[in-house]
Amino acid sequence: MILIKNGRIMDPKTKRDQVADLLIEDGIIAAIGKQEQDGDYERIIDAEGCIVAPGLIDVHVHFRDPGFTYKEDIESGSRAAAAGGFTTVVCMANTKPTIDNVNTLRELLARAEHLPIKMLQASAVSKGLKGEELVDFHAMKEAGAVGFTDDGIPLMDAAKLKEAMELAKECDMPISLHEEDPAFIDAPGVNQGIVSEQLGYGGASHLAEDVMVARDIMIAMETGASVDIQHISSGISVDLVRFAREHGADVVAEASPHHFSLTEEAVLEHGTLARMNPPLRTEWDRQKIIEGLQDGTITIIATDHAPHSAEEKAQPLGKAPSGIIGLETSLALGVTNLVQKGHLTMMQLLEKMTINPAVLYHLEQGSIEIGKPADLVIFNENESFIVDKFYSKASNSPFTGMQLNGKVIYTICDGKVVFENSK
């Protein structure tokens, strides 16, 4: 048994917000409320001054395994997740080989069983991410996939996408979409605007996202599929998602911490460490994303954790790969840039990082309730730290050296302490 005492228990599902003790027994939340201090406990954790929240859930990560394990693997990715307060993650399918068949999926899931956190896996939508032949949706669900996505590559064939949405609906599983039309991308990773002009770099227009989102929400409305608009970056796309939701579409959107924290100006300071797809955009876009988070248009915060080697990111802007790591800074960026600046309450932030992702993927995790798995994060919203080390294999982050608030103290998964901040 583990006793967590004196913590501020915050659970977005039940709206519980109280200072209380929490008892963990056999990996399950056994009791909430005042507990005897002299019981036969394996461990007592004093959480005074800290928030005890459901373990965070990230529906958009890249662990690069199989095929690109020099960047990250499931072990190092899981350590990074635990250090960031995450107890459940959903991995994308753009590995080598692609997660587009039952054998590859089952082999990966078997290796993930020993991990300290829950690593779930999405299936590709199309074979080889080519957007041509669809995977066997029902077989991939049966083999353990939790959703479908060709993340990293847009699905350009609208008829094929409609068929994929219909199959995903049959499976009662979400389909997640990377929204970038290549016709409006002169050069990827940087917003087409003032900064790209200053750098003499073609850039990616907001139109690349907007036209895809507009098309796909219409198809979502027609099919009734559960659709996740991934890493939304354009303010116009936020308005489009709002329109879809107001008209009854089962559409959600993810915002990544970098898109609500930074603008295209970061490329001038951080170079390739601020190159990502979709790119950082203008301050207007950033404010529209925050507005979408405030009014419930954007229901999920997801990192798009994208590790790359230092050598890859050291290349010139036009040759370096896009993407940054994000698991270890996500919660703190939300606390620092959303909660402490008055944009969201702490409960609203946690809702977008726990129960909302759980609902999208039909997970039993995401709440603090008696009888549920003891997946928890304990953090101090007021304790600051300098971003200076990573448990990930990679360190491609524009936030290195930044002071953030919201230090993770413990991460607990299935009743086991999987991360403890020794500092």
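Is Tyr391 buried, exposed or partly exposed, and what is its relative accessible area? Tyr391 is partly exposed, with a relative accessible area of 33%, where buried means under 20%, exposed over 50% and partly exposed in between, with a 1.4 Å probe and protein chains only.

Before I go on, a word on the model: it is predicted, so local features need pLDDT of at least 70 and side-chain atom pairs count only at pLDDT 80 or more, while totals for chains, interfaces and linings use all residues. Residues are numbered from 1 along each chain as its sequence is written, and side-chain values use heavy atoms, with hydrogens and water left out.

Let me turn to the aromatic pairs, of which the structure holds two; rings of Phe, Tyr and Trp (its six-membered ring) pair if their centres lie within 6.5 Å, and planes under 30 degrees apart count as stacked, over 60 as edge-to-face and the rest as tilted. In the pair of Phe137 and Phe148, the ring centres are 4.1 Å apart and the planes stand at 20°, so this pair is stacked. Phe137 belongs to helix 3 (residues 137-142) and Phe148 to strand 9 (residues 148-149), eleven residues apart, with helices (H or I, at least four residues) and strands (E, at least two) taken as DSSP runs numbered from the N terminus. Both Phe137 and Phe148 are buried.

The other pair brings us back to Tyr391: its ring and that of Phe419 have centres 5.6 Å apart and planes at 90°, so the pair is edge-to-face. Because Tyr391 lies in the loop between strand 14 (376-386) and strand 15 (403-413), and Phe419 in strand 16 (residues 416-420), the pair ties together parts that are 28 residues apart in sequence. Phe419, for its part, is buried, at a relative accessible area of 9%.

If residues up to four places away in sequence are not counted, Ile175 touches, among others, Val125, Phe148, Leu161 and Met165, contact being heavy atoms within 4.5 Å.

Helix 13 (residues 346-353) is mostly covered, since six of its eight residues are buried, namely Met346, Met347, Leu349, Leu350, Lys352 and Met353.

Finally, two residues found in loops. Glu369 sits in the loop between helix 14 (355-360) and strand 14, and at 21% relative accessibility it counts as partly exposed. Its C-alpha lies 9.2 Å from that of Ile28, although Glu369 and Ile28 are 341 residues apart in sequence. Leaving aside neighbours within four places in sequence, Glu369 is in contact with Asp11, Lys13, Thr14 and Ile29. Asp38, which lies in the loop between strand 3 (28-32) and strand 4 (43-46), is exposed, with a relative accessible area of 65%. The C-alpha atoms of Asp38 and Phe399, 361 residues apart along the chain, are separated by 43 Å.
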